[in-house]
Amino acid sequence: MTPDAAASVAARRSRVPVLQILGLLLFYLYVWLRVDPGLLFYWTRYGLPGFTLGLRHARPFLARPGGAIEYVSAFLFQLYAFSWAGALIMALVAAGICACTHALFRAFGGRCSALIALVPGVLLLVLHGRYAYVLPNALAVLTALAAACAYVRLRRLRAPQRLATFAGLLAATYYLACGAALLYAALCALAELLVRGRRSLSLAMAILGGGLPAPAAIVFNIRFRDAYLRLLPFHPATDERASAALAGLYGFLLLGVCLGYVLRAREAGADRARPVRKAARAMAWVRRSAPLRAVAAAVLVGAATLTVLAGFDSRLNSYLVIGRAARRGEWEEVVRVGRGVDWRPDAFVAALNLNRALCHSGRLLEDMFSFPQSRSGLLMSPVAMVGVAGSSAGALMTFSDILLDLGRVNESEHMALEAFCRVGDRPWVLERLAMMQLAKGQAAAGSIYLHSLAGNPVHGRRARALLRELASDPMLSARAELRQLRAAMPHPDDSTDPTVESLLTQLLQTNPKNRMAFEYLVAYYMLTRQTGKVFAELPRLDDLGYDRIPRHMEEALLIHSAQSGTPLDLGRRSISGETSLRFARFMQVLQEGYQRDPKGTFKALERDFGDTYFFYYQFAPGGGP
Amino acid sequence: MRIRPAPTIVAGAIAAAVTVVACVLLSPGGPKPNVPQAGAAARIRPDYSGLTLPPNIAPLNFRIMEPGSAYEVRVRSANGRPIRVHSRTGKIAIPRRRWRRLLDVNRGGELHVDVYVRGDGGAWRRYDTMTSTIAGDEIDPYLVYRSIEPAYNIYGQMGLYERDLESYREDIVVHNSALDGGCVHCHTFCQNGTDAMLLHFRPGSFGAGMLLIRNGVAEKARAQSAVNPLPAAYTTWHPSQRALAFSVNHVRVFFHSDRPEPREFIDMASDLAIYELDSYSVTSTPAISSPDYMETWPRWSPDGEYLYFCRAPALWTELEPVPPERFADVRYSLMRIRYDLASGEWGELETVLDGDAMGRSISQPRFSPDGRFLVFCMSDYSAYATFQPDADLYLMDLRTGTHERLSCSSDHADSWHSWSSNGRWLVFSSKGGNGLFNRPYIAHVDADGRSSKPFVMPQRDPDFYLSHTRLFQTPELIKEPVRLKGERLAREIRSDKWVLDELPVTSATGKAGQKAGEAAPMWRSGG
């Protein structure tokens with residue numbers, strides 16, 4: 001190497017990696033501000049881990065390959081609750097993978113564009129934008145790449161020593177990252193084959209790497225499938241929405257090193273003035289031309305940006321924002337986001353949360369028909385809930401929330417336990433289960449859930465405080481929310497599967513002041529077009545302190561009056577002039593235009609009366625109760 | 001020639017000396033002999049005071065709940081060296097070998113535990129000595145149980161575990177993560193041995209059926225037939241290991257709106273049958289599979305002559321809504337019927353204990369190995385004691401025919417009991433203490449059928465149960481470890497090799513006294 005060339009290499013090495021730092025910063029900001037990892041933490045979804053500190057809880061993880069990374073991931077996932085921290089974790093993992101990719105590609109190809117090395121980061125951004133939980137998989141890839149980087153940096157070792165080092169690193173990588181160790185083995189074998197030309201050593205590594213999981217399955221007493229595939233893209237424990245992109249990542253890494261080697265070999269051929277193929281010549285020309293390099297970089301950056309933006313699941317983001325806000329009791333936020341949501345029929349969990357938020361902010365009977373409504377978006381019988389929820393722990397947990405708000409503690413416990421079975425010891429599930437036992441006066445059972453939660457180093461503080469409180473007051477009688485729950489719980493015991501109507505009327509029999517039960521009951525009657533029953537519930541307004549008839553109730557009463565053909569006796573209350581006027585106009589437009597131009601009339605009514613019960617009553621699908 | 005010690009040896013010796021001195025100086029310093037008395041017994045968790053202990057049990061680690069800055073416990077007995085355990089947190093971890101030695105040389109004697117606590121002022125006080133009895137009879141060293149979340153009607157992570165009671169070692173027998181999330185349950189052994197074992201599995205990708213393991217060889221069988229579409233549930237081995245009696249239960253779950261335990265299980269119908277392993281066939285008789293009755297919880301008598309079971313009149317049909325109107329009126333009686341395995345001949349049906357007459361419902365009968373005692377659950381109604389807060393364990397002396405509540409029963413549901421092979425220990429699953437989570441309790445039963453104060457199965461971490469959100473169900477005592485377990489067992493369940501896909505009903509008999517094969521199959525569908 002000439003002194004000039006050496007100086008150039010040294011200068012390149014000492015240069016601050018601006019591009020990488022910029023990429024990392026953009027990654028972090030995008031994940032923090034756009035993706036918001038806190039949404040993932042509050043998502044009631046199978047496969048997202050809880051965490052308890054201690055050897056007893058770590059032991060089952062440490063007893064199998066890949067478990068160590070899964071345990072660490074479970075801990076780190078708890079930090080996702082704080083979006084900035086979750087974004088930082090995601091960014092650091094991505095940075096590690098990109099740095100290792102860069103180093104590996106250089107080891108194979110001699111040179112590697114910093115932009116190309118950022119491709120894994122782009123893939124991870126897409127996955128984060130889809131709210132796929134890939135932390136253990138990403139950590140496994142990082143472990144495998146780091147081990148491969150360590151291996152390819154080995155110098156001046158003979159074949160037996162290289163093989164021994166490879167084997168040592170393979171064992172460690174396999175224990176930590178399970179199936180991802182296959183990536184490590186493949187990269188090492190390729191390095192020996194392509195870079196050093198040691199075919200027999202490469203073959204030995206491939207055999208060793210590919211064969212290790214088989215005896216490991218016997219030693220660790222696990223399935224062969226798990227021994228080979230755990231933490232790889234297509235293992236059942238991997239988030240299925242991430243499988244294809246993760247497979248792409250593995251493919252990119254393996255193909256990338258091969259391609260890098262091929263290009264280097266061709267360039268070397270060109271340097272030796274052998275006949276050069278057109279493609280290699282073109283590549284070399286592009287590299288030498290600064291403007292073309294800039295254009296290529298711009299195209300790559302543009303493609304990456306488009307990929308990330310197109311990959312972002314904004315609808316899921318809205319639902320998750322609603323879910324988290326509802327879990328935190330931020331009702332205004334739920335309603336605000338709900339107004340901008342592209343409502344689809346499968347969004348009934350978000351609809352449940354929206355109606356719950358409307359009720360808690362006193363607007364259910366005023367505003368609920370401003371949003372698309374269906375019976376499944378309000379409440380169901382517990383049996384129907386389990387049937388509808390299927391394997392959706394999110395639906396079960398939302399049903400549990402609503403039932404608890406209403407005062408149906410046992411039914412709420414039923415739903416929460418079903419969710420617990422599906423999602424495991426997530427912090428807020430444990431807290432919910434604890435509070436329900438405490439509401440029922442079962443302090444000993446409640447404290448077991450609380451102690452379990454107290455073992456979570458990130459989210460256990462509230463549980464520890466509750467346990468201290470329990471020690472002095474086993475009934476937690478100072479807590480208003482528990483007092484309210486105890487007052488609302490239905491009596492006497494009923495073991496039949498309640499209908500929605502009986503579920504709510506029992507609550508009102510136990511506690512006529514249960515405003516939420518009343519509003520849900522009236523909303524249920526309206527959704528099932530039982531306007532006569534809405535009218536029958538009118539006297540409860542006095543008990544519950546309403547100063548006027550809520551708008552949607554007024555609308556239902558007008559319909560009932562029109563159908564029965566007689567004016568209704570509303571006692572000292574009356575229907576507002578505005579509502580009466582809107583009803584008259586609605587009926588006029590309907591009667592005049594619908595026969596003539598159904599589509600046009602529907603659109604006109606939707607525009608002017610889409611937020612009324614009149615419109616729902618006339619046009620919403622579904623029949624009576 | 002003068003030998004100079006190597007520098008490393010010198011350095012090592014100095015380090016050792018410094019360590020010893022530091023330990024001495026920094027040690028909390030135990031209480032003096034004339035420490036003032038606290039005047040009460042120390043509060044400890046779990047409650048391990050006043051027990052009868054198996055001489056081969058693992059150390060009963062506990063936590064002292066008294067406030068203090070240092071703790072000392074002295075475990076002593078008539079023979080052997082006492083054990084002193086210091087703690088700064090109140091967590092008492094007793095060394096296993098010394099504990100075992102102490103218990104071993106004092107079989108039949110007393111074990112005393114002295115608790116000292118140093119208050120914040122630095123003064124020690126001594127609490128009343130806790131005295132337990134060390135029984136002469138050992139407990140079977142292994143306990144197999146099912147671990148599951150407290151939901152019952154669905155499950156997430158579930159597994160059968162084998163716990164070594166002499167240490168804290170726990171092995172997975174089979175975990176449903178190896179079965180793509182299927183269900184495994186109702187493991188059954190023959191006379192506390194593992195040469196004959198059975199467990200049931202449910203869908204899954206691998207079908208629903210039972211896995212029979214005899215002498216280490218596994219057979220996957222479906223105890224279903226054209227007349228019985230439901231899989232077998234509660235099973236009992238004939239002592240000869242040549243037959244199994246099993247129930248087929250059409251089980252449903254429902255929920256209470258205002259009861260501490262919201263869940264409840266109910267049989268909408270149930271029947272019994274016998275699976276003869278030599279011929280791979282099923283036999284039954286109307287006496288144990290009548291449509292007018294629900295029969296369940298089969299149990300062979302230790303001599304193999306009688307099949308005991310629980311039976312209640314069918315107060316509803318299978319098609320009724322759940323729960324049926326009279327669900328709280330169903331009371332199971334204890335019945336028995338003679339069955340000659342060699343000839344296939346049935347005897348007359350006999351009522352052993354009439355549930356209706358007592359106004360209580362009997363379930364889960366289990367014989368002591370010598371056949372003298374029968375322990376069963378009794379609750380106000382229902383066949384599923386574990387969901388009935390009033391369910392207690394009762395012991396029937398089969399010589400006298402009398403029965404009484406076992407004093408080891410708690411004020412919550414006690415069920416799923418299992419005898420040790422020597423008939424002196426009873427393990428059962430109890431919700432005592434918290435009302436929701438079943439824990440395995442151990443009690444001694446003496447020659448007259450009196451039970452001692454029960455104690456929860458010891459754990460290395462005395463706070464284990466404080467935060468354990470899973471249930472211990474179906475604890476079964478066994479004499480030796482399960483032979484086929486872990487992935488090897490899971491592989492057998494996953495395999496598609498069924499010994500029989502559908503069992504032929506070959507020898508059902510129409511009436512008591514008839515021989516096998518004389519009548520058309522009467523065994524009806526359970527669901």
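A residue is called buried here if 20 or more other C-beta atoms lie within 10 Å of its own. With that in hand, here are the views of this predicted model.

**View 1. Chain A as a whole.** Of the 625 residues in chain A, 44% are buried. Chain A has 36 helices and zero strands, and its C-alpha atoms fill a box of roughly 100 × 65 × 40 Å along the principal axes. If we take the chain A contacts between residues at least 6 apart in sequence, 65% of them join residues at least 24 apart.

**View 2. Inside the largest nonpolar core.** This core has 333 residues, and A144(A) and A180(A) are the ones that touch the most other members. Helix α9 of chain A, residues 135–152, gives the most to the core, with 13 residues. Leaving aside residues up to four places away in sequence, A180(A) touches A140(A), V141(A), T143(A), A144(A), L231(A) and L232(A).

**View 3. Where chain B meets chain A.** Here 36 residues of chain A are in contact with 28 residues of chain B. The chain B side is made up of 13 nonpolar, ten polar and five charged residues.

**View 4. The two domains of chain B.** The domain assignment places domain 1 at 37–134 and domain 2 at 142–500 of chain B. Their centres, taken over C-alpha atoms, are 36 Å apart. Across the boundary, 18 residues of domain 1 of chain B are in contact with 16 residues of domain 2 of chain B. On the domain 1 side, β4 (62–64) and β7 (91–92) of chain B each supply at least two residues; by class, that side has ten nonpolar, four polar and four charged residues.

Key: Residues numbered from 1 in each chain as written. Chains lettered and ligands numbered in written order. Predicted model: local features only at pLDDT ≥ 70, side-chain atom pairs only at ≥ 80, totals over all residues. Core = buried A, V, L, I, M, F, W, Y, C linked by C-beta atoms within 7 Å. Buried ≥ 20, exposed ≤ 12 C-beta atoms within 10 Å, placed from the backbone. Helix = DSSP H or I, 4+ residues; strand = E, 2+ residues; numbered from the N terminus. Contact = placed C-beta atoms within 7 Å. Nonpolar A, V, L, I, M, F, W, Y, C, P; charged D, E, K, R; others polar. Domains from an automatic or database assignment.
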